[in-house]
Amino acid sequence: MDLAELFQLFDSTMRNAAPLLLACLAGLFSERSGIFDIGLEGKMLAAAFASAAVAAWAAAPYVADPFPGQISGLGLGWAAAWLGVTAGMLAAIAMSALHGFASITLRGNQLISGVAINFLAAGVTVLVGEALFSMGGQTPQLTGAARFTAIELPLAETRRGIPVIGPFYADVISGQVILVYIALLAVPLTAWILFSTRFGLRLRAVGENPGAVDTAGISVTRQRYSAVLICGVLCGIAGAYLSMGTSAAGFVKDMTAGRGFIALAALIFAKWRPWPALWACLLFGLLEAIGSKYQNVDVGAFVIPVQFMQALPYILTVVILAGFIGKAIPPKAGGQPYVKER
């Protein structure tokens, strides 16, 4: 493998890791507050659909006098893509609020609530998509201003001649869509919020000992709702990336393909910490990139089939969730509804 091929692999790794990283950080906020969330998959799926549907509508040409049955678009330019991201975040926030209401206010089982959200999103996206677009649950393919395109960072081409660093900057760091950079910036921001702010201190304390936090006069309910709503925002951006930031822009049925569960595995692998979460998601992204690039690998004695290569991220997910890689201790109050003592 030459250097150019290696950088292509890293470039694909960055793109694959971005939605995983956003979903992983979303789960980090929620579970640090004591709310387990296996509904990341459903939130991402709902956000992907809402983003694609709204962006397609906003970018469609404006019709002054539509005939019966025709819906006029808004004819927006670059704002159509950001309107789609906003719609995706609102959809994921609505799902998060539903999960919060079931697990915080009603004190229901958090795992059941998460599973219900996954099923709800899988069904509603197809149903509404068919009703709106009559394309078998899909949305129209996004083109032009309705999607995000790669951004070339300053000096990327002029510095390409610098050995190793120049091509790495031009081919890996530069040329990503803006949502990838948002995902990377979310890591230090999450670390700062959780470990350097009063809000983060209280959030972590709620996940460990909500009774002590309540005794100090801090609302456990408010802290947990704040965490699940932040989770919704991040899942919304992750879903928007899937439907608006990839080469095949647009929504298709079940397009998240288990990425929410992979993000959960990365969260456990990282032991609920933001910087290790970045490396865990890059590892999963690298495995996905390898599976896409190398198919039917010949190792001499036998040939590794393409199905095995493409299943690498899911195999690692099973291994992590089964507890084969180290011991991961979740927040002590995780999964436990809090009942205020009188």
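Biologist: Which residues of α10 are buried?

Modeller: They are Arg-259, Gly-260, Ile-262, Ala-263, Leu-264, Ala-265, Ala-266 and Leu-267. Buried here means under 20% relative accessible area, with exposed over 50% and partly exposed in between (1.4 Å probe, protein chains only). Bear in mind that this is a predicted model, where local features need pLDDT of at least 70, side-chain atom pairs count only at pLDDT 80 or more, and totals for chains, interfaces and linings use all residues. Residues are numbered from 1 along each chain as its sequence is written, and side-chain values use heavy atoms, leaving out hydrogens and water.

Biologist: Why is α10 largely enclosed?

Modeller: Because 8 of the 11 residues of that helix (residues 259-269) are buried, the rest of the structure largely encloses it. Helices are DSSP runs of H or I with at least four residues, numbered from the N terminus.

Biologist: Switching to pockets: what volume does the largest one have?

Modeller: The largest pocket comes out at about 490 Å³. On a 1 Å grid over the protein atoms alone, a pocket is an open set of points where a 1.4 Å probe fits, with protein on both sides within 12 Å along at least five of seven lines; lining residues have an atom within 4 Å of a point. The volume is the space filled by probe spheres set on the points.

Biologist: And which lining residues are closest to its centre?

Modeller: Out of 24 lining residues, Arg-15, Asn-16, Tyr-241, Thr-246 and Ser-247. α1 gives the most to that lining, with 4 residues.

Biologist: How do the axes of α1 and α11 cross?

Modeller: They come within 6 Å and cross at roughly 135°, which makes α1 oblique to α11. Both helices, α1 (3-32) and α11 (274-293), supply at least two residues of the lining of the largest pocket.

Biologist: OK, how about the second largest pocket, which residues are closest to the centre of that one?

Modeller: That pocket holds about 270 Å³ of space. Ala-53, Trp-57, Ile-71, Leu-132 and Phe-133 are the closest of its 14 lining residues.

Biologist: Which elements give two or more residues to that lining?

Modeller: α2 (40-59) and α4 (110-133). The largest share, 6 residues, comes from α2.

Notes: Axes fitted to C-alpha atoms, helices over the stretch in contact; angles between N-to-C directions. Parallel < 35°, antiparallel > 145°, perpendicular 65-115°, else oblique.
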